[in-house]
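Subject: Structure handover

Hello,

Here is the structure I promised to pass on. Please open it next to this email and follow along.

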Amino acid sequence: MRPNKRILLIDSDENSLSIRRFLLDTHRFPVSGATTSEEAVRLAEECAPEVIVAAWPFAAGDLGRLLNQLREILPGVPSILICEKLSDWPEGVVADAVMLK
């Protein structure tokens, strides 16, 4: 059996982050969670995630800049953006997939 992919969750809302982390932990995914840009970059360098999941809105900084920075640190690692509706997609944010809340 193949191990589950390591996931980096990024959400400035600690409650939402905790819920997503709990759900993924329940399914045995190794998860690191960040509520700030600085924490996300540190965890990306330390934990080498295989998938990045980021929630919009992101009150802790510029999500577009953060995802671009993470793409430089982790080239080839896919990113998924979680948002309320497609019309909420923030300008300048590049993600490989979108998931609606």
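**Salt bridges**

Asp-62 is partly exposed, because its relative accessible area is 41%. Its salt-bridge partner is Arg-65, with N and O 3.7 Å apart. Arg-65 is exposed, with a relative accessible area of 59%. Keep in mind that this is a predicted model.

How many salt bridges does the count come to? The count is five. The pair Arg-65 and Asp-62 is one of them.

Next, look at Asp-96. Asp-96 forms a salt bridge with Arg-71, and the closest N and O atoms are 3.4 Å apart. Asp-96 sits in the loop between strand E4 (79-83) and strand E5 (97-100), while Arg-71 sits in helix H3, so this pair ties together parts that are 25 residues apart in sequence. Asp-96 has a relative accessible area of 49%, so Asp-96 is partly exposed. Arg-71 is partly exposed too, at 28%.

Now turn to helix H2. Here the side chains of Glu-46 and Arg-42 meet in a salt bridge, 3.1 Å from N to O. Both residues lie in H2, four residues apart. That spacing is about one turn of the helix. The cut-off for exposed is over 50%. Arg-42 has 39%, so Arg-42 is partly exposed.

**More on H2**

Glu-38 also lies in helix H2. Glu-38 is exposed, with a relative accessible area of 59%. Glu-38 and Ala-60 are 22 residues apart along the chain. Their C-alpha atoms are separated by 9.5 Å.

Ala-48 is partly exposed, with a relative accessible area of 35%.

H1 covers residues 14-26. The expected span is 1.5 Å times one less than the number of residues. H1 has 13 residues, so the span should be 18 Å. The C-alpha atoms at its ends are 18 Å apart, which agrees.

Look at the start of H1. A side-chain oxygen of Asp-13 reaches to within 2.9 Å of the backbone nitrogen of Asn-15.

Then look past the other end. H1 is followed by Arg-28. Arg-28 is not a glycine, yet its phi is positive, about 65 degrees. Arg-28 is in the loop between H1 and strand E2 (31-34). Is Arg-28 buried or exposed? Its relative accessibility is 71%, so Arg-28 counts as exposed.

**Strands E1 and E2**

Strand E1 is residues 7-10. E1 and E2 pair in the parallel sense, over four bridges. Take Ile-7 as an example: its bridge partner in E2 is Val-31. Together, E1, H1 and E2 make a right-handed β-α-β unit.

Both faces of E2 are covered. Val-31 and Gly-33 are buried on one side. Ser-32 and Ala-34 are buried on the other.

**A cis peptide bond**

Which residues does the cis peptide bond at Pro-57 join? It joins Trp-56 and Pro-57, with omega about 5 degrees. Pro-57 is in the loop between strand E3 (51-55) and helix H3 (63-73).

**Cysteines**

The structure holds zero disulfides. Compare two cysteines, Cys-47 and Cys-83. Cys-47 has a relative accessibility of 28%, so Cys-47 counts as partly exposed. Cys-83 is buried, with a relative accessible area of 0%. The cut-off for buried is under 20%.

**Where to look again**

Start with the salt bridge between Asp-96 and Arg-71. Then go to Trp-56 and Pro-57 for the cis peptide bond. Finish with the right-handed unit of E1, H1 and E2.

Best wishes

Methods
Residues numbered from 1 in each chain as written. Predicted model: local features only at pLDDT ≥ 70, side-chain atom pairs only at ≥ 80, totals over all residues. Heavy atoms only, no water. Helix = DSSP H or I, 4+ residues; strand = E, 2+ residues; numbered from the N terminus. Polar contact = N/O pair within 3.5 Å; in protein donor to acceptor, adjacent residues only side chain to side chain. Buried < 20%, exposed > 50% of the residue type's maximum accessible area, 1.4 Å probe, protein only. Pairing = 2+ DSSP bridges. Right-handed = clockwise from strand over helix to strand, strands pointing away. Disulfide = S-S within 2.5 Å. Salt bridge = Lys/Arg side-chain N within 4 Å of Asp/Glu carboxyl O.
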